[in-house]
Amino acid sequence: QVQLVESGGGLVQAGGSLRLSCAASGRAFSINAMGWYRQVPGKQRELVASLTSGGSTNYADSVKGRFTISRDNAKNTVYLQMNSLKPEDTGVYYCHAVLTVPTALDVDYWGQGTQVTVSS
C-alpha cells in the first residue's frame with residue numbers, strides 16, 4: 001500500500017508564502033508524476049501544478065510566476081513553494097501522484113488534503 005502524506009498548510013496573510021510538502025511511502029513503487037490540486041467549496045478540484053518524472057512542469061495560469069513545484073527524488077517528496085499568496089489561493093490542497101506499483105501501471109493516489117487560508 002502506498003500513502004501520500006502532506007504537510008505545510010496553514011493561515012497566512014496576503015503577500016505571504018507557504019511551502020507544502022508531500023511524501024510518498026509504502027511498498028515498491030515508481031513515480032511517474034506528482035502534483036497538487038486545489039478545491040474550494042462548490043467547485044471542482046483543479047490542477048495547481050504538476051511535475052513529471054522527466055522534469056516537465058505544468059502550472060495553472062493563476063499561479064504562474066508565484067508558485068514553484070519541485071521534488072526530492074531521494075525522499076520521494078514533492079514540494080509546492082507558494083509566494084505572493086492571494087485570498088483566491090485559499091482552499092484545500094491535495095497531493096496527487098501517478099505511480100507504477102508491482103501490480104499495475106499509472107495508478108492514481110491522493111493525499112488527505114491540507115488547508116491553505118490566505119487572509120486579506
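**Rings, a charge and a core**

Arg 45 lies over the face of Tyr 94, 3.6 Å from the ring centre. A charge sits over a ring if NZ of Lys or CZ of Arg is within 6 Å of the ring centre and within 35 degrees of the ring normal. Arg 45 also lies over the face of Trp 110, at 4.7 Å from the ring centre.

This is a predicted model, in which local features need pLDDT of at least 70 and side-chain atom pairs count only at pLDDT 80 or more, while totals for chains, interfaces and linings use all residues. Residues are numbered from 1 along each chain as its sequence is written, and side-chain values use heavy atoms, leaving out hydrogens and water.

The structure holds one aromatic pair. Rings of Phe, Tyr and Trp (its six-membered ring) pair if their centres lie within 6.5 Å; planes under 30 degrees apart count as stacked, over 60 as edge-to-face and the rest as tilted. The rings of Tyr 37 and Trp 110 have centres 5.0 Å apart and planes at 65°, so this pair is edge-to-face. Because Tyr 37 lies in strand 4 (residues 30-39) and Trp 110 in strand 10 (residues 104-110), the pair ties together parts 73 residues apart in sequence. Strands (E, at least two residues) are DSSP runs, numbered from the N terminus.

Tyr 37 is partly exposed at 22% relative accessibility, and Trp 110 is partly exposed at 38%. Buried means under 20% relative accessible area, exposed over 50%, and partly exposed in between (1.4 Å probe, protein chains only).

A nonpolar core is a set of buried Ala, Val, Leu, Ile, Met, Phe, Trp, Tyr and Cys residues joined through side-chain atoms within 4.5 Å. The largest one has 30 residues, of which Trp 36, Leu 80, Met 82 and Tyr 93 touch the most other members. Its largest share, five residues, comes from strand 9.

Notes
Helix = DSSP H or I, 4+ residues; strand = E, 2+ residues; numbered from the N terminus.
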